Amino acid sequence: MQSVRDGMDADLQDAEAVIARLIPLAGPQAAADLQEHLAVAWFRKIDALDRSGRPAEMIEATDRLCAHFDPAEAGPAMSQVVAWIAQAQRLKAGALVQLDQPVEARDVMQQIRTRFGISEAADVREVVATTGVEEAVLRSHADTPFAKVDMMRHCAALIEKFGKDDRAGTRLATARARALQARLLAELDEHDRALQSYTALHRDLAKASDPALQEQAADALLAQARLLATLGRSEEARAVLNQIVAAYRSATHPGQRATLALAQTDIVLDLWRRRDPDQEDTAERQTLLEALDAVVQDHADAGDTVALRCVNKALRMKAEVLRASAAAEDRAVADLLTDGQWARYADHDDLSIQQDVMLAMLDRLDDAPPVDALAGYRRMLARFGASAIGMLQPTLARVRLLEAWALRQLGRPAEALAALVALDAHCAGSRDSGVRLWAVQGRIEQARILREDGDHDSALFALENIPSAADLAVDGAEAPVPLRKAIVRAMALRAELWQDQLLAPPASRDGDEEQAESGPLHATQRQHGIAVAALRERFAADPSPDIRARVASASYDYAVDLRRHRQFQRAADSYTDYLAVFAADTCPAVEETTASAYLNLGYLLMQLMDQPAAALPIYDALMARFANATGDGMRDTLSKAAASRLTCLNRLQRDGAAPSYGTQYPDLTLAERTAISDTIKRGRQLVDAEQHRPAIACFDEVLAAHGEAVHPELRRLCVDAMVRKAYSLSRLAQREDALAVSDALIARYGSDLSMEIEEDVALAMSYRAIQLDKLGRHTEEVATYDDIIRRWGDSDVKSLRERAASARFNKALTIADRDLDGALRLFLGLMDDLKAPLAAMRLRAAKAAVEYAARLRRAGRYAEAIAGAEALVAACGADADIAMAAQVVKARIGLADSYGQAGQPERQADEIDALLALPGDALTGAQRSTLRAELGRIRPAATAIGRAAHALGGLFGKRR
């Protein structure tokens with residue numbers, strides 16, 4: 001490649017030397033051959049600058065040529081000079097296109113037509129014809145049917161004017177005009193005419209003596225094949241591609257070889273698209289590898305850039321196929337293939353080839369160990385990092401980000417941060433969406449590293465000034481979806497960083513999450529809300545469903561967090577804001593979040609804010625919005641909504657309102673409901689007085705009158721009566737009768753949707769388990785616990801979750817003697833709540849920890865027992881709750897025993913000392929006596945003399 005550059009530099013220097021020597025001699029009266037010699041030298045300079053990719057200098061050289069020779073004054077003897085001038089002007093137009101100045105380029109092309117269009121000189125006519133085709137190509141890019149039709153007429157005029165010329169270059173221009181006509185027909189959906197035109201062009205030129213015209217014939221076939229593929233006529237397209245390969249496989253002309261390479265690459269791409277990456281098809285894989293090898297073998301040594309582009313794409317694809325193999329040797333071959341590609345083509349001048357080489361190396365490093373990957377990324381940056389060429393910048397930005405990721409994987413976060421800062425500087429000011437994508441990803445990575453380090457302020461700073469999608473729009477077009485997604489991720493992470501800094505939700509004093517609201521918003525909560533609002537404002541209406549789903553999730557999480565912090569009204573407002581934006585969104589992921597938002601808002605209003613009248617229309621809206629949903633998750637949500645709606649109606653009726661349950665139910669007057677409720681109330685009062693038989697009579701009275709009722713409120717009242725009857729029967733030790741009532745309740749009401757009835761069903765199942773335990777029917781008891789856990793273990797309703805937790809605890813107690821490890825797993829799971837915000841959850845977790853340690857101690861697993869008891873003491877040792885303090889004392893007494901059994905008498909004595917130092921009411925008299933006796937027994941063992949005496953006692957003591 002360097003030799004090519006050196007050759008162009010030599011041509012340029014030689015041309016400049018000739019120009020410098022001839023300009024003083026080539027005045028107005030100079031001989032025509034001298035003038036022509038100067039014009040040829042000047043054109044050689046212009047051509048060398050063109051090949052060197054220096055368009056601005058080329059334009060300047062062309063202008064100087066035209067200033068020296070005035071085409072308007074050139075006579076017949078100067079016709080050759082005029083041809084060189086016209087050709088230089090054509091190259092100038094091309095340079096203007098390279099500099100993104102299409103209007104100026106068209107002006108130059110029109111000047112060529114005006115100045116030289118009347119010339120009859122064959123070489124000038126060739127330039128005019130060629131320029132005319134290039135102008136048509138440039139104008140045809142306008143995306144309007146009128147512009148395309150206009151350019152078709154333009155091509156027809158060129159063909160009419162120059163179609164009979166014998167000069168090879170002019171014939172080539174005419175062939176290109178015909179090819180452009182066919183392409184324009186295809187773009188105007190005149191597909192049959194386009195196909196016919198390609199066929200005619202190939203027929204007319206396939207046998208031409210000029211290889212360049214034969215190349216046009218081959219190009220016509222390739223265009224025809226691609227059009228057929230676009231139209232879905234794949235078999236015909238494949239046949240034409242195979243025709244090209246058969247006809248031109250032995251061609252030597254560079255242009256024909258390039259068309260052959262393109263056709264072979266199209267065959268490869270077709271095989272690639274048709275393969276199933278999830279299915280291992282050996283024959284299909286072999287066919288693809290053979291097609292890839294054909295591209296590489298036929299063109300690896302080509303001098304043509306187009307062919308080498310095909311080779312590099314084939315090398316990358318072959319490596320990818322090999323890396324997908326399960327065989328280690330295939331992956332090793334793939335790595336060698338990519339290393340060879342890098343060695344051979346990394347220094348090529350063509351940007352597309354450089355890009356493919358970099359992408360191939362990125363593929364190779366994707367699964368490499370971090371040390372090797374880091375070395376590879378740095379090798380890529382050493383070769384290409386200083387390049388300012390726009391096409392390469394997105395890939396270079398990605399390489400810089402991957403360098404940082406590798407450093408982070410190697411445990412070098414400081415270096416990773418430095419690499420990310422360098423990436424940010426590299427991307428500063430770029431409007432390229434690909435570059436900006438990796439810049440935003442780099443900011444996200446900075447924030448994540450800083451977040452892991454606990455530096456939330458710096459993490460938030462890293463995410464400041466992330467541009468919006470609107471800021472990155474180009475010519476009014478939306479920023480690409482990947483970039484918008486990255487911006488959303490950055491903004492969502494900013495919201496999460498504020499959320500990280502929130503204080504824990506205030507612990508409830510009495511274990512009730514339904515307390516009154518806490519105080520004003522904390523500053524971090526406000527910032528969290530501001531971050532979420534900014535995200536919603538920018539992207540809530542984004543065309544991408546994935547982006548809207550991410551925004552919806554962040555908005556939903558904010559409302560949930562407000563509820564967790566008992567900011568009930570603000571949470572309700574936040575859910576309402578969410579629904580105002582997303583309720584009508586039909587993206588499936590958004591719909592799932594929206595259904596949950598409706599459900600949570602209804603629960604918040606009904607259960608936590610005691611506003612059933614406000615909750616009822618929320619449940620109605622949810623059921624109307626998703627009435628046609630068929631998914632299991634959504635149907636479950638609708639069932640919960642229906643249950644909650646019934647609960648709303650029941651509460652409204654009990655509060656004296658007269659809600660409508662629907663025309664399918666008979667009317668229930670307030671007086672009737674009150675009379676039934678009074679009967680149940682009398683029964684409750686009798687239960688409180690331990691008069692269970694008359695209480696059962698009250699409950700039976702209700703059940704006899706209304707046990708078969710379908711009205712939701714009557715069903716709720718009957719369930720209440722039945723569950724109380726079961727309790728009274730158990731108190732009378734009538735266990736079989738109590739069990740029968742519980743079974744009848746579960747059978748009749750177990751699938752009821754009402755939340756209140758569901759709570760009573762769960763209570764009845766708990767009663768059932770208790771009776772089965774008393775009756776010694778432990779297999780059925782455990783099965784009942786499993787049913788409770790399965791149904792309500794993940795419930796959104798606190799009372800039902802509590803019921804499931806109790807079932808886990810009781811199941812563990814029941815199975816501990818025959819399945820100790822199973823019981824221990826259940827106790828451990830409950831111990832996760834030792835630091836829960838609710839006192840009831842912490843107390844149950846403490847009881848589980850006490851049982852966990854006791855069972856392990858009995859099994860002689862003292863180290864595990866010590867760990868369990870110490871976890872409880874560490875988590876709850878300072879808890880002022882009386883019940884919790886009693887559990888901690890139990891755990892510490894057991895802990896002291898475990899220390900002794902584990903051969904740690906000093907720790908045992910210290911623990912007993914600490915227990916005996918507790919206030920008088922912390923221990924019972926019996927506990928204090930037992931602990932003092934134990935301490936007296938072990939105290940000598942805590943000294944050196946005592947340990948010696950103990951040892952002697954072991955030697956001479958009584959043998960058993």
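The model is predicted.

**Helix α7**
- Helix α7 runs over residues 145–162, and its 18 residues reach 26 Å from the first C-alpha to the last, close to the 26 Å expected at 1.5 Å a residue.
- Its buried residues are Ala 147, Lys 148, Met 151, Met 152, His 154, Cys 155, Leu 158 and Phe 162.
- On the face turned away from the buried side of α7 you will find the exposed residues Pro 145, Phe 146, Arg 153 and Glu 160.
- The packing partners of the buried residues of α7 are α5 (102–116), α6 (122–140) and α8 (168–187).

**The α8 and α10 pair**
- Helix α8 also meets helix α10 (residues 211–230): their axes come within 10 Å and cross at roughly 5°.
- With angles under 35 degrees counting as roughly parallel, α8 and α10 are therefore roughly parallel to each other.
- From α8, the contact draws on Arg 171, Leu 172, Ala 175, Arg 176, Ala 179 and Ala 186, while α10 brings Ala 212, Leu 213, Gln 216 and Leu 227.
- By residue type, this contact of α8 with α10 has 7 nonpolar, 1 polar and 2 charged residues.

**Helix α13**
- Helix α13 covers residues 282–299; its 18 residues span 26 Å between the first and last C-alpha, close to the 26 Å expected at 1.5 Å a residue.
- Buried in α13 are Leu 288, Leu 289, Ala 291, Leu 292, Ala 294, Val 295, Val 296 and His 299.
- The buried residues of α13 pack against α12 (254–274) and α14 (305–323).

- Ala 531 sits in helix α23, and its relative accessible area of 10% makes Ala 531 buried.
- Setting aside neighbours within four places in sequence, Ala 531 is in contact with Ala 495 and Trp 498.
- Leu 374 is 157 residues from Ala 531 in sequence, and the two are 35 Å apart in space, C-alpha to C-alpha.
- Glu 537 has its place in helix α23 (residues 523–539), and Glu 537 counts as exposed because its relative accessibility is 72%.
- Glu 537 and Val 551 are 14 residues apart along the chain, with 9.5 Å between their C-alpha atoms.

Key: Residues numbered from 1 in each chain as written. Predicted model: local features only at pLDDT ≥ 70, side-chain atom pairs only at ≥ 80, totals over all residues. Heavy atoms only, no water. Helix = DSSP H or I, 4+ residues; strand = E, 2+ residues; numbered from the N terminus. Expected span 1.5 Å × (residues − 1). Buried < 20%, exposed > 50% of the residue type's maximum accessible area, 1.4 Å probe, protein only. Contact = heavy atoms within 4.5 Å. Axes fitted to C-alpha atoms, helices over the stretch in contact; angles between N-to-C directions. Parallel < 35°, antiparallel > 145°, perpendicular 65-115°, else oblique. Nonpolar A, V, L, I, M, F, W, Y, C, P; charged D, E, K, R; others polar.
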